[in-house]
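Hi,

Here is the structure I promised to send over.

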Amino acid sequence: MDELDLLKKDWNRQQGNYPKLTYDQIYKMIWKRSQSIVKWIFYISVIELLFATIINIVFSGDKYWQDIEKNGLSQVITILYIVSYAITFYFIYRFYKNYKKISTTDDASTLMRNILKTRKTVKYYIAYVLISSGITVVGISGYMIVNHSNTDVNNISKYSFETIDWLKFIGVSVLVLTIFLGLIWLFYRLLYGILLKRLKKNYVELKKLEM
Amino acid sequence: MEKELEHQFVSNLERDQNIVHKICRIYTNDQSSHNDLFQEITIQLWKAYPKFRGEAKFSTWMYRVALNTAITLYRKKKRGIQTQDYDSVHFRIKVDEYDDETEQHLSLMYNAVKELNDIDKALVFLYLENKNYKEISETMGISEVNARVKMNRIKKKLKKLLNP
């Protein structure tokens, strides 16, 4: 007998031995893909927060707080921390909500709405990070310029600024700030950009189905 | 409209899911990749479903889309490093009525099928599914003559794999 025919006989004997998925299990599979992308957005945001917190703890030792207290800034800094963590937690909550919503979505148009919402949340988040970093940098440099302590440098008169020096100083500062924010923007584009692109692709596909 | 399409699709797939499971079995070696492939095929079928206008039987259409998905995925994976999974020896579901010798022979044959390339696997699968050459050629998008020639080559390849 032909080798393959023996195999065929066995193959057909095993008809009943396959898994049997229910209607609901198959139904859920159709929507799984967007769900896993949104899940990753949520995970990344949590990892990011943990990472930022660890960096904060590592870099802000006792000395850092002593310096802050010496300048009478501990209250302001504490408030800033609370506000920034509150905003970050809010975004994580939103990402989580989006993820949960997409998990339980039941039709294409709702899913499309949720995809758009997720994309918007991510964009707001990136805007928040950029704006807050910008304000922080400007704030810190402004404070340092206004309140710099003369004791740090001997013979301060040597360092007095003419108008042209101020212009140069501001020019360089703006340049550095732009590069700094540009790098952050690039980092987030890479981090979330890929996921957002995939979400968009799914959205376009869903839209085609709708028509 | 959308809802109704969804319902139609899922019911059809629920009824004919065995076909997809069988394809998964030919192309994967363990349960979790079986499930992944099943899901991927489901997604591809659903995406292609609006283009399915009922000119063919649902199952016939399914063979084509599902096999294409399996072949495409398999191609992508092949670029990575391939390792032979020795567990696949046991991927045959045992049937009590066979004696040990037949049992062993069948195991070896299933393993030989696993060694074939993606396209050959698809042909063997359709052959095992009792499709005639006309149906095989339609599903694979090749001519009937070509299907016969390929099938003969596969038989030779399998013989070689079994009797090195």
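α8(B) runs for 19 residues, and its first and last C-alpha atoms are 27 Å apart, close to the 27 Å expected at 1.5 Å a residue. Keep in mind that this is a predicted model. The buried residues on α8(B) are Ala147(B), Ile154(B) and Leu158(B). Looking down the helix axis, they fall within an arc of 35 degrees, so they line one face of α8(B). They pack against α5, α6 and α7 of chain B, and also against α1 of chain A. Over on the other side of α8(B) you'll find exposed residues, including Arg153(B), Lys156(B), Lys159(B) and Lys160(B).

Now for where the two chains meet. 25 residues of chain B are in contact with 25 residues of chain A. On the chain B side, α8 is among the elements that give two or more residues, as are α1, α2, α3, α5 and α6.

Then the inside. The largest nonpolar core has 37 residues, and Ile23(B), Ile41(B), Ala66(B) and Leu123(B) touch the most other members. Leaving aside residues up to four places away in sequence, Ile41(B) touches Val20(B), Ile23(B), Ala66(B), Thr69(B) and Ala70(B). There is also another core apart from that one, with 14 residues, among them Ile37(A), Phe42(A), Ile102(A) and Val129(A).

Cheers

Definitions and conventions. Residues are numbered from 1 along each chain as its sequence is written. Chains are lettered from A and ligands numbered from 1 in the order in which they are written. This is a predicted model: local features need pLDDT of at least 70, side-chain atom pairs count only at pLDDT 80 or more; totals for chains, interfaces and linings use all residues. Two residues are in contact if their C-beta atoms, placed from the backbone, lie within 7 Å. Helices (H or I, at least four residues) and strands (E, at least two) are DSSP runs, numbered from the N terminus. The expected span of a helix is 1.5 Å times one less than its number of residues. A residue is buried if 20 or more other C-beta atoms lie within 10 Å of its own, exposed if 12 or fewer, and partly exposed in between; C-beta atoms are placed from the backbone. The arc is that of the directions from the helix axis to the C-beta atoms. A nonpolar core is a set of buried Ala, Val, Leu, Ile, Met, Phe, Trp, Tyr and Cys residues joined through C-beta atoms within 7 Å.
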